[in-house]
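This report goes through a single protein model, from its loops to its helices and its nonpolar cores. Please keep the sequence and the structure in view while reading.

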Amino acid sequence: MSERRAEIEIDPNSGFCFGVVTAIAKAEEELKKSGRLYCLGDIVHNSDEVERLRRSGLVTITHEQFARLHDVKVLLRAHGEPPETYEIARRNNIEIIDATCPVVLRLQQRIKQTFDSDPSHPQIVIYGKIGHAEVNGLVGQTRGEAVVVEHLDQLSKVDLTHDIALYSQTTKSLEGFREMIDTISARIEPGVKFSYYDTICRQVANRTEHLRRFAAEHEVVLFVAGAKSSNGRILFDHCRRVNPRTYMLSNPDELTPEMTAEASSIGICGATSTPRWLMEAVAGRLREEGR
């Protein structure tokens with residue numbers, strides 16, 4: 001009698017967010033025409049997808065390399081860029097293919113408007129990951145003056161006697177943002193004006209609760225994400241809290257028999273930077289191996 005195979009389900013809501021889909025579509029459109037395109041930073045935090053596009057002619061460059069280029073086309077990824085990047089492009093006759101996510105672009109504009117509104121503008125605080133590409137672009141709207149806080153213990157950097165305008169990186173958690181609001185509200189001096197703006201992308205934020213349910217419905221969860229994906233690490237942790245048999249892997253080559261041993265139900269999901277084809281490849285490897 002043959003051994004019964006596990007049921008395998010790929011989460012239909014996992015995978016690229018709208019901004020990443022648009023960026024990759026713009027890259028592929030240009031590559032079809034010219035066969036070569038520069039991209040400022042990894043187009044997505046997934047090395048397998050970056051490699052796929054590299055084989056089509058996409059060349060990933062650093063900001064230092066960008067500043068030395070002239071008379072070429074460069075794609076700006078969904079994370080967005082500070083004003084300085086556009087100024088360098090103008091000086092060096094670089095044609096920009098701008099794939100900044102519309103949600104990020106609106107946030108940049110709001111922060112710039114707050115910063116430019118009055119010489120005595122409020123202190124701009126950004127709840128986000130220090131050094132993240134999107135956050136660097138947001139800070140750039142304030143000529144480097146914005147204060148970035150990722151954890152509550154970093155609030156010592158904020159002057160609680162001066163008016164505050166709090167914004168959030170688009171991919172941070174709603175729970176963490178609310179905690180940041182409550183803590184600042186409790187600590188500010190009397191008379192200080194505190195404004196906060198929920199700028200978190202709901203397409204990303206709403207995945208958390210969905211993934212918790214998805215993880216609870218399966219014996220084993222395989223979470224597919226690139227090592228550089230901060231969104232991936234956050235969503236993976238949410239899955240693992242619900243289901244201890246949740247494993248993170250970058251691609252099918254990282255699968256081990258122990259991960260799915262004796263499981264009758266396997267769920268495959270991923271981050272906003274995880275391509276659908278990679279989740280399907282993991283499912284395909286499981287079926288090939290008869291799991």
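Asp-71 is exposed in this predicted model, with a relative accessible area of 55%. Asp-71 lies in the loop that runs between α3 (63-68) and β4 (73-76). Its backbone has a positive phi of about 55°, although Asp-71 is not a glycine. Most residues other than glycine have a negative phi.

Arg-143 also has a positive phi, of about 55°, and is not a glycine. This residue sits in the loop between α6 and β7. Arg-143 counts as exposed because its relative accessibility of 70% is over the 50% cut-off.

Leaving aside neighbours within four places in sequence, His-45 is in contact with Arg-77, His-79, His-132, Gly-226, Lys-228, Ser-229 and Ser-273.

**Helix pairs**

| Helices | Axes come within | Crossing angle |
|---|---|---|
| α5 (residues 102-116) and α6 (residues 133-140) | 9 Å | roughly 30° |
| α1 (residues 18-34) and α2 (residues 47-55) | 11 Å | roughly 20° |

The crossing in which α5 passes α6 is right-handed. On the α5 side the contact is made by Val-104, Leu-107, Gln-108 and Ile-111, and on the α6 side by Glu-134, Gly-137 and Leu-138.

For α1 and α2, the crossing angle is roughly 20°, so these two helices are roughly parallel to each other. Here α1 passes α2 in a left-handed crossing. Ile-24, Glu-28 and Leu-31 of α1 meet Glu-49, Arg-52 and Leu-53 of α2.

**The buried side of α9**

Which residues of helix α9 (residues 207-216) are buried? They are Arg-207, Thr-208, Leu-211, Phe-214 and Ala-215. These residues are on the same side of α9, because they cover an arc of only 125° around the axis. The elements that cover the buried residues of α9 include β1 (7-10), α8 (202-205), β10 (220-224), α10 (230-242) and β12 (265-270).

**Nonpolar cores**

In soluble globular proteins, nonpolar side chains tend to be buried together. In this model, the largest nonpolar core has 19 residues. Val-158, Ile-164, Leu-166 and Ile-184 are those with the most contacts inside this core. At least two residues of the core come from each of β6 (123-127), β7 (147-149), β8 (164-168) and α7 (174-187). Which element gives the most to this core? That is α7, with five residues.

Val-158 can be taken as an example of the contacts made by a core residue. Not counting residues up to four places away in sequence, Val-158 touches Gln-123, Val-125, Val-147, Val-149 and Ile-164.

There is also a second, separate core, made up of 17 residues. Among them are Val-220, Leu-249, Leu-278 and Leu-286.

Note on methods:
Residues numbered from 1 in each chain as written. Predicted model: local features only at pLDDT ≥ 70, side-chain atom pairs only at ≥ 80, totals over all residues. Heavy atoms only, no water. Buried < 20%, exposed > 50% of the residue type's maximum accessible area, 1.4 Å probe, protein only. Helix = DSSP H or I, 4+ residues; strand = E, 2+ residues; numbered from the N terminus. Arc of directions from axis to C-beta. Contact = heavy atoms within 4.5 Å. Core = buried A, V, L, I, M, F, W, Y, C linked by side-chain atoms within 4.5 Å. Axes fitted to C-alpha atoms, helices over the stretch in contact; angles between N-to-C directions. Left-handed = near helix turned anticlockwise from the far one by under 90°. Parallel < 35°, antiparallel > 145°, perpendicular 65-115°, else oblique.
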